Amino acid sequence: MSVQSNTIAAASASALSKIYGSGEAEVRALDGVSVDFAQGRFTAIMGPSGSGKSTLMHVCAGLDDATSGTVSIGETNLTTLNDGDLTRLRRDRVGFIFQSFNLVPTLTALENITLPLDIAGRKPDQQWLDQLIDMVGMRDRLGNKPNQLSGGQQQRVAAARALVTRPEIIFADEPTGNLDSRAGAEVLAFLRESADTHGQTVVMVTHDPTAASYAHRVIFLADGQIVDDMDDPTAERVLERMKGFDAKGRRS
Amino acid sequence: MFRASWRSLVQHKLRLVLSVLAIMLSVGFVVGTLIFTDTLNKTFTDLFGQTTTDVVVTPKTDFEGLGLAGEVPTLDPGLLDEIAQVPGAAKAGGAVFADGVAIIGADDEPLGQPGAPQFGSNWSDDEELTPYRLVDGTGPSTANEVAIDSVSAEDGQLEVGDTIRLVAPTGEVEAELVGVFRFGTSGNLAGATIAAFDTETAQNVLLDGGQGFTEIDVVAAEGVTQQQLADEVTAVADPDVTVQTGEEAADQAASDITEALSFFNVILLVFALIALFVGSFLILNTFSMLISQRTRELALLRAVGATRGQVTRSILAESLAVGAVSSVLGCAMGIGVVYLLRWFFGTFGLDLGSTPLQLEPRTFAIGIFLGVAFTAVAAWFPARRASKIPPVAALRDDATLPAKALTLRALLGGVQMLAGAGVLVAGVASGGSSGASLVGLGVLLLLTGTITFSPVLATPVARGLGYPLPRLFGTVGRLAVDNASRQPRRSAATASALMIGLALVTALTIFASSITASLNAAIDRVIGAEFIVATDAQRPFPRSVANEIEGLPDVSVVSRTTFTEAQLAADSIPAPTGAEEPPTTFVGTVDPSTVADVINLTFSAGDLNDLTDDGVIVDTTTASNSDLEIGDEVEFTFASGSAQFELVGLYEPAGFFTGYAITNQALEDAGVRIGDTFGYVRAADDADLDALKASIEGVLTSYPGVIVQSQAELKEQVQSNVQTLLSVMIALLGLAIVIAILGIVNTLFLSVLERTREIGMLRAVGTSRWQVRWMVVLESVVIAVFGAILGVVLGVIFAGALQRTLADQGIDVLAIPWPVLVLYLVIAMSVGALAAAWPARRAARLDVLTAITSE
């Protein structure tokens, strides 16, 4: 099943396949996936364990390569890029938020936020930086090292870092997986707000229906294929849809 | 529990590779040195076993000493006939064997290594009575014939039929080379050259025409034991001779030689132990890191009921296994080291023949014990910390070892350093040999104190050193400095390993340049002669040398000196008790009428005019150490007997000219046959020095091995001798430094593994491979320079303290070669960068996805 969107795509994948092993042991993590991630939208990728949702994100972000098919971010076709080009792409055009271990332990919160710029040797846009710091509510903890911050605070710093370069797209891999529900809600609200007020494209992998409900759109993956696509999700509808997979999963 | 240890070892084997290598190298050198020593012993025991007759008779000497200045005690020739006639003797032969005959090679230079004996001997065709085995030609039978050892023949490119030159204290001999022989199975005698003449010529050359023998060798008749024969010989011999069975004589000869060579082996062992000690830092770091990576696993073991002791023991068991494996590998490597040592000694002309390697079980027991012990002790510290991991850590996500404050370390290290500094100052203040041992203790305390204290220094020093890096390298530089200082214990242990090596290298370097500077200053201050005539190994040369130089025009004075060794007795020196040997000393000789023209001595009591043939002078330091005063009686016992002297003068120590001195005539009166060891030449006031030197060289062409040097040349030679010794020492410290470098590689490698996810994250947010590489390289450089600075600072302190302590023994100038020390720091910096090459490459190559998703 192919999902098209009529707005401009910040990133798109076409006929993506990712196959591990061969013969008896062959695993199709992605099996002919085509998807567009619309600009300025917050998209969640959902699916049960092993559905290929993390693989889809890694391939789209240029962290992993596909067995076949193409991926592009903006006009750039990732399949043709070498490691140096991919590094620059990640530095300048993509933001990342991981589940855990997002920050460099020896740097302060502020230094972690500006890390991608510092590595590139660029000065931050002070106005944008101030705005970001206020958006994540970290102004009074900027001088703290990560081990002096709570998990939620660390994740908000990571989110600010992802946005600091004004990337074309942010990929978030289970960003609330290690957080309690309140801290998680703060991070998710921030991601939604960045999409709504700043037109930031966000793609988030999650298995939590509540987290998915913050997105504009949810894509459901199962067995390496897109099986459903839901706009303006609520936690209840997502949960309902997920139950279907579970039931199906039990039957097979 | 132990199954868990074993599994963890197998799983982490890559992480242990460098630890294994470090232990292996050190144990390899220990084992290699021991095998080499045993093989050396066996070589000479066999050699003398084959070549010694059943009974050996030698003159009994009052004091044998080092055989300096050519004293050769002999046996009465009549004794040979008496001994040959005892019923148990099949036959007996008289041998003449003494040091002092240089064989001149085809290039007109004396053969053999400087300082190695140059034996002259008589020849016997009876293989039962002589150790020599002809390999070419015949034995010498007339005064114009000579045979030499096969190593000399080869080195000197001398062939049977050549006319060769030989130089003895009694003069030069020309003879036809008629035979080439081996000493038993060996090409020469432990690196010494041997020239054999017919008996009469040997007596002329070596004994100055005496009729005696230096040794009588007796072969037993059928059925007579060595002991029976020895008893019969003792019965006829006069009491002034020593009668030994062949077995005793062979053992003694072998142990004399191996003892002389063992000096080098002891040094090798000391350096191998230093390397092992340095290696233990690597082990300590490795186990600390393995444990911190396994915190959750260990906490889980605790949570399911393992006691603290069990956790500690399981880690110790791992370390024992690592120690055992590395030590066994080290033992195997030791055999390779033996071949290396053989080659090395071979380059000094020591032919060790084909004796099989002596693999004593004791050697391997020592090697394995040392390897295992050092590993276990080094692992014990992290193992104890591991046992403090609370079981609840298993349930936490961010489980880390509890970070212990450095307060205790700071306190312990600080106290040790203060104590060390105190002892050091006390040692310097008291001076002399007791001062030197205090300085040694102070150095040790200061070193261990610094090692203990170094984690406290790690963070501030790394930050200070790293100060320019963020400006030069941006965020990458910043991260490198942070990484170098975030685990102060780990960085400090890594740096300490390098510190030890560099402290020793620095101290040796400064000490060597201080010796050179002190001797140079002493040459300027003390020597009034324009030229010094000597051999490069300070052996005596014929008197005719000085006689001929005296006859040259433009020579104002030639003053001769020599020295020998003697036992010392004086009222103020306590007599030896029991088995204790009386103290020995060098006794120099001077010509009181001319010495003042060539050596500037300052007398604080008496003067050279008081020095008659029954007088002795001594430097003030020796006098005060031995409580000697003017007028005291001093007794010297030479090989030829004792003589009393009255102390008539005290002079200020003058560089290398220190100690007791009597007149040349007095030594000759005491029965010590003597050549000259130094000839100091004072030119006439208006002499052309270059021309004079050329004419002295003209005289010396007939005396190969004797050279003339100006003061400047003497200084150069002093410097080059000291430099050679320094190079050897630094080469030996190379092992410890190589292991310290392995330690840096190890720390970085394990840190990179530990920070896999962090590096993955840095890569994910856009850090390039080169930036990651630089980050690791700079971290390494910071750690290396940290260790190097500590080492250089300690080295300067050590050398300074040692120099001050030994100031009154002639090392009165402290010369610190700053450019060399700066060079050492630059080398350390490069070494740091080099050590990072592999870990940095690994870090840069990490696959981003694998890194960020790895546990």
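Analyst: Happy to! In chain B, 85% of the contacts with a separation of 6 or more are between residues 24 or more positions apart. Two residues are in contact if their C-beta atoms, placed from the backbone, lie within 7 Å. This is a predicted model, where local features need pLDDT of at least 70, side-chain atom pairs count only at pLDDT 80 or more, and totals for chains, interfaces and linings use all residues. Residues are numbered from 1 along each chain as its sequence is written, while chains are lettered from A and ligands numbered from 1 in the order in which they are written.

User: What does its C-alpha trace span, and what percentage of chain B counts as buried?
Analyst: Along the principal axes, the C-alpha trace of chain B spans about 95 × 70 × 55 Å. Of its 855 residues, 51% count as buried. A residue is buried if 20 or more other C-beta atoms lie within 10 Å of its own, exposed if 12 or fewer, and partly exposed in between, with C-beta atoms placed from the backbone.

User: Which domains is chain B divided into?
Analyst: They are domain 1 (61-239), domain 2 (457-525 + 718-855) and domain 3 (537-704). These bounds come from an automatic or database domain assignment.

User: How many residues are in contact between domain 2 and domain 3 of chain B?
Analyst: Six residues of domain 2 of chain B are in contact with seven residues of domain 3 of chain B. On the domain 2 side, they divide into two nonpolar, two polar and two charged. Here Ala, Val, Leu, Ile, Met, Phe, Trp, Tyr, Cys and Pro count as nonpolar, Asp, Glu, Lys and Arg as charged, and the others, Gly among them, as polar. The C-alpha centres of these two domains of chain B lie 49 Å apart.

User: And how many residues does the contact take from chain A and chain B?
Analyst: It takes 23 residues from chain A and 21 residues from chain B. On chain B, α14 (475-486), α22 (756-764), α23 (769-805) and α26 (848-853) each supply at least two residues.

User: Switching topic: what about phi at B:Gln157?
Analyst: Phi of B:Gln157 is near 50°, a positive value in a residue other than glycine. You'll find B:Gln157 in the loop between α4 (150-155) and β8 (163-168) of chain B.

User: Is B:Gln157 buried or exposed, and why?
Analyst: B:Gln157 counts as exposed because it has 10 C-beta neighbours inside 10 Å.

User: Back to chain A. Which strands form the open sheet?
Analyst: Four strands of chain A form it, in the order β2-β1-β4-β5, with antiparallel pairing. The edge strands are β2 (27-38) and β5 (76-77) of chain A, and each pairs on one side only. Two strands pair if DSSP finds at least two bridges between them. Strand β1 (residues 9-20) of chain A pairs with β2(A) over nine bridges, and A:Ala11 has A:Phe37 in β2(A) as its bridge partner.

User: Last one: what pLDDT does chain A average?
Analyst: Chain A averages a pLDDT of 86, and 94% of the residues score at least 70. pLDDT is the predictor's confidence in each residue, from 0 to 100. Over residues 1-6 of chain A the pLDDT is below 50.
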